[in-house]
Amino acid sequence: MRSILIAGNWKMNTHLKEARALGSGLAKIQVPQGMEVLLAPPFPYLYPVGEEIKGTSLLLAGQNMNPADEGAQTGEVSAGMLKDLGASHVILGHSECRARGESSELIGEKLAQALKHDLVPILCVGESLEERQADQTIQVIEDQLKLGLGDLTHAQGLDRVIIAYEPIWAIGTGQVASPQEAEEVARDIRAYLAKNYGQDLAEKIQILYGGSMKGENAYELLSQDNIDGGLIGGASLKLESFLEIIEEGEKLA
Ligand code: PGA
């Protein structure tokens, strides 16, 4: 059975004190059986937040990374650096990064590099409102999956990849996808994985939903057959609202 993953993407928010407080607040909870809880603070706070959650089962993620090992890449962060700071996961292909010019090909390179360094990639996919209205949702997502996952094989760690379905129109807008809308796309993603990589792998991979998830809507979203967790932005920035989502997940774990 797939576990439920609740992941907080802090984006470019918090200051050091707040980041530490969020980390230490979360460090006090007992992560429920059958669940994983992951925090993705801004890069400079990975280390201090990591210190706050040391000895707990909370997981740490980078919000992005560069596909190169090292070198002349001003402002960038490598997979090895994320590992050094205690990250086990990395978010890749977030729509906010795609909007700044990241192509699916580049995201595919990052994904392969993350796996090579033993980081679990969380590959974000999702359509814009225009694409949804033009009935292009599945096509857009299949293209993002195809280029993001490329020719990876099981041996290269494909079975450790996590997919986050994040409709762009639902991110930070308060306009959450209905559980049916989210489930329909999550089901299509799983069908795509089964067709291209086999049923066993498709059954194993966690598919998250992201986009205005909060305490009030989490249970219905998380109870969908093909949704195995949430990637949460706004509601992960306050301890209480993030805990509410974890509690909703616990009812299903
Ligand atoms: P949101 O962001 O929860 O604030 O909509 C989700 C995300 O971008 O991962």
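This report covers a cavity and a helix pair in a predicted model.

## The cavity

The structure holds 1 cavity of 30 Å³ or more. The space inside the largest cavity comes to about 40 Å³.

Its lining consists of Gly93, His94, Ser95, Arg98, Cys124, Val125, Gly126, Glu166 and Ile168. Two elements, helix 4 (95-99) and strand 5 (120-125), each contribute at least two residues to the lining of the largest cavity. By class, the lining residues of the largest cavity comprise 4 polar, 3 nonpolar and 2 charged.

## Geometry of helices 7 and 8

Two packed helices are described by the angle between their axes and the distance between the axes. Helix 7 spans residues 137-149, and helix 8 spans residues 179-197. Their axes come within 11 Å. The axes cross at roughly 45°. Helix 7 is therefore oblique to helix 8. The crossing of the two helices is right-handed.

## The helix contact

Which residues of helix 7 and helix 8 make the contact? From helix 7 come Thr137, Ile138, Ile141, Glu142, Leu145, Lys146 and Leu149. Helix 8 supplies Val185, Asp188, Ile189, Tyr192, Leu193 and Tyr197.

How do the residues of this contact divide into nonpolar, polar and charged? The contact of helix 7 with helix 8 has 9 nonpolar residues, 1 polar and 3 charged.

Definitions and conventions: Residues numbered from 1 in each chain as written. Predicted model: local features only at pLDDT ≥ 70, side-chain atom pairs only at ≥ 80, totals over all residues. Heavy atoms only, no water. 1 Å grid on protein atoms, 1.4 Å probe; cavity = no way out; pocket = protein on both sides within 12 Å on 5 of 7 lines; lining within 4 Å. Points joined across faces, edges and corners; volume = space filled by probe spheres on them. Helix = DSSP H or I, 4+ residues; strand = E, 2+ residues; numbered from the N terminus. Nonpolar A, V, L, I, M, F, W, Y, C, P; charged D, E, K, R; others polar. Axes fitted to C-alpha atoms, helices over the stretch in contact; angles between N-to-C directions. Parallel < 35°, antiparallel > 145°, perpendicular 65-115°, else oblique. Left-handed = near helix turned anticlockwise from the far one by under 90°. Contact = heavy atoms within 4.5 Å.
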